[in-house]
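Hello,

I am passing on the structure we talked about. My notes follow it.

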Amino acid sequence: MDEPLLVIIDGANVVGSVPDGWWRDRKGAAERLRDRLAAHGVPGHEGPLEIVLVVEGKARGVESVPGVRVESAAGSGDDHITDLVAGTRGRDRLVVTADRELRRRVGEWGAEVTGPRAVLGDG
């Protein structure tokens with residue numbers, strides 16, 4: 001297949017990995033992550049990418065921008081991510097999360113998994 005790598009970002013988990021006051025403005029923190037992804041992509045993955053940022057709870061309603069599709073989970077972000085992975089069998093998929101249970105779930109569907117540093121770097 002010639003489809004780009006599908007990179008699914010667990011927004012709540014990635015935002016929550018940096019203690020920068022995100023809890024005071026969850027939507028704003030998700031928007032900053034979205035903008036970082038749009039500007040920098042996913043380091044180490046230079047080919048064409050389809051980036052999907054999954055948000056939940058108070059971060060719902062973040063708009064998509066060129067290069068990053070934002071999906072608001074109706075319920076659990078983890079369930080939404082698992083459904084995305086399950087629905088895209090046959091594609092290369094990379095899920096960005098540190099959540100152990102989510103890592104297990106998407107791994108059962110054949111997705112690769114990496115941690116938040118893959119998109120945040122060291123700073």
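In this predicted model, α3 passes α4 in a right-handed crossing. The two helices, α3 and α4 (residues 100-107), pack at an angle of about 20°, and their axes are 9 Å apart. Because angles under 35 degrees count as roughly parallel, α3 and α4 are described as roughly parallel to each other.

On the α3 side, the residues in this contact are Asp78, Asp79, Ile81, Thr82 and Val85; they meet Leu102, Arg105 and Val106 in α4. By type, the residues of the contact of α3 with α4 comprise four nonpolar, three charged and one polar.

Leaving aside neighbours within four places in sequence, Asp92 is in contact with Pro4, Leu5 and Leu6. Asp92 and Pro4 are 88 residues apart along the chain, while their C-alpha atoms are separated by 7.7 Å.

Now the aromatic rings. The structure holds one aromatic pair. Trp22 and Trp23 form this pair, with 5.6 Å centre to centre and 80° between the planes, which makes the pair edge-to-face. The two residues fall into separate accessibility classes: Trp22 counts as buried because its relative accessibility is 19%, under the 20% limit, whereas Trp23, with a relative accessible area of 44%, is partly exposed.

Regards

Notes: Residues numbered from 1 in each chain as written. Predicted model: local features only at pLDDT ≥ 70, side-chain atom pairs only at ≥ 80, totals over all residues. Heavy atoms only, no water. Contact = heavy atoms within 4.5 Å. Axes fitted to C-alpha atoms, helices over the stretch in contact; angles between N-to-C directions. Helix = DSSP H or I, 4+ residues; strand = E, 2+ residues; numbered from the N terminus. Parallel < 35°, antiparallel > 145°, perpendicular 65-115°, else oblique. Left-handed = near helix turned anticlockwise from the far one by under 90°. Nonpolar A, V, L, I, M, F, W, Y, C, P; charged D, E, K, R; others polar. Phe/Tyr/Trp six-rings, centres within 6.5 Å; stacked < 30°, edge-to-face > 60°. Buried < 20%, exposed > 50% of the residue type's maximum accessible area, 1.4 Å probe, protein only.
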